[in-house]
Amino acid sequence: MSGRLAAWILAAVLLGTGGAKLLDQAAFGNALISVDLLPLLAARVLVLVLPWLEVVTAIALLRPTWRRAGSVLACGLSLGFVFYSVAGALLQRPANCGCLGSSRLVVGWTQHVIIAVAMVLAAILALRGSSLPAAGPLSPPV
């Protein structure tokens with residue numbers, strides 16, 4: 001039960017952040033560029049890919065048959081967010097990451113790290129609560 005709840009909460013967070021970034025990609029892009037932690041080309045690619053990856057991951061977390069893959073994706077995304085937040089804190093960059101598009105909600109890097117670590121833990125809990133699909137007649141033996 002707790003794995004499913006963790007998956008649903010994580011899916012809600014990723015749908016919210018991914019949706020906000022899709023609705024205002026310019027604000028997300030400007031925020032990424034202003035933090036100056038990534039090369040310009042990497043930031044531009046991230047602006048195009050990350051929101052969709054968050055939405056797809058959220059959808060996978062909501063579907064029981066896809067939850068395991070969604071949990072793995074969410075763990076990878078969340079670890080990326082941890083590294084990005086720690087780098088921002090260590091390099092003392094402005095904490096406007098554009099997580100929520102043009103939202104005026106700005107929290108410091110310490111809060112970003114805490115949220116990202118909580119997301120990693122939720123992804124691990126969701127992964128532990130997911131089960132492998134049952135083997136079918138065409139599935140190789142495990």
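Tutor: The accessible surface of the protein chain comes to about 8400 Å². Carbon and sulfur atoms hold 72% of that area. Bear in mind that this model is predicted. The chain has 142 residues, and 36% of them are buried. Its secondary structure is five helices and zero strands. Along the sequence the pattern reads α-α-α-α-α. Take the contacts with a sequence separation of 6 or more: residues 24 or more positions apart account for 72% of them.

Now the pair itself. Helix α1 covers residues 2-23, and helix α3 covers residues 40-62. Their axes lie 8 Å apart. The packing angle is about 155°. Angles over 145 degrees count as roughly antiparallel. Therefore α1 and α3 are roughly antiparallel to each other. The crossing of α1 past α3 is left-handed.

Which residues meet? On the α1 side they are A7, W8, L10, A11, L14, L15, T17, G18, G19, K21 and L22. On the α3 side they are L50, P51, W52, E54, V55, T57, A58, L61 and L62. By type, the residues of this contact divide into 14 nonpolar, four polar and two charged.

In short, α1 and α3 pack at about 155° with axes 8 Å apart, in a left-handed crossing, through a contact with 14 nonpolar residues.

Terms used:
Residues are numbered from 1 along each chain as its sequence is written. This is a predicted model: local features need pLDDT of at least 70, side-chain atom pairs count only at pLDDT 80 or more; totals for chains, interfaces and linings use all residues. Side-chain values use heavy atoms; hydrogens and water are left out. Axes are lines fitted to C-alpha atoms, for helices over the stretch in contact, and angles run from 0 to 180 degrees between N-to-C directions. Helices (H or I, at least four residues) and strands (E, at least two) are DSSP runs, numbered from the N terminus. Angles under 35 degrees count as roughly parallel, over 145 as roughly antiparallel, 65 to 115 as roughly perpendicular and the rest as oblique. A crossing is left-handed if the near helix is turned anticlockwise from the far one by less than a right angle, and right-handed if clockwise. Contact means heavy atoms within 4.5 Å. Ala, Val, Leu, Ile, Met, Phe, Trp, Tyr, Cys and Pro count as nonpolar, Asp, Glu, Lys and Arg as charged, and the others, Gly among them, as polar. Buried means under 20% relative accessible area, exposed over 50%, partly exposed in between (1.4 Å probe, protein chains only). Accessible areas come from the Shrake-Rupley method with a 1.4 Å probe; for residues, only the protein chains shown count as cover.
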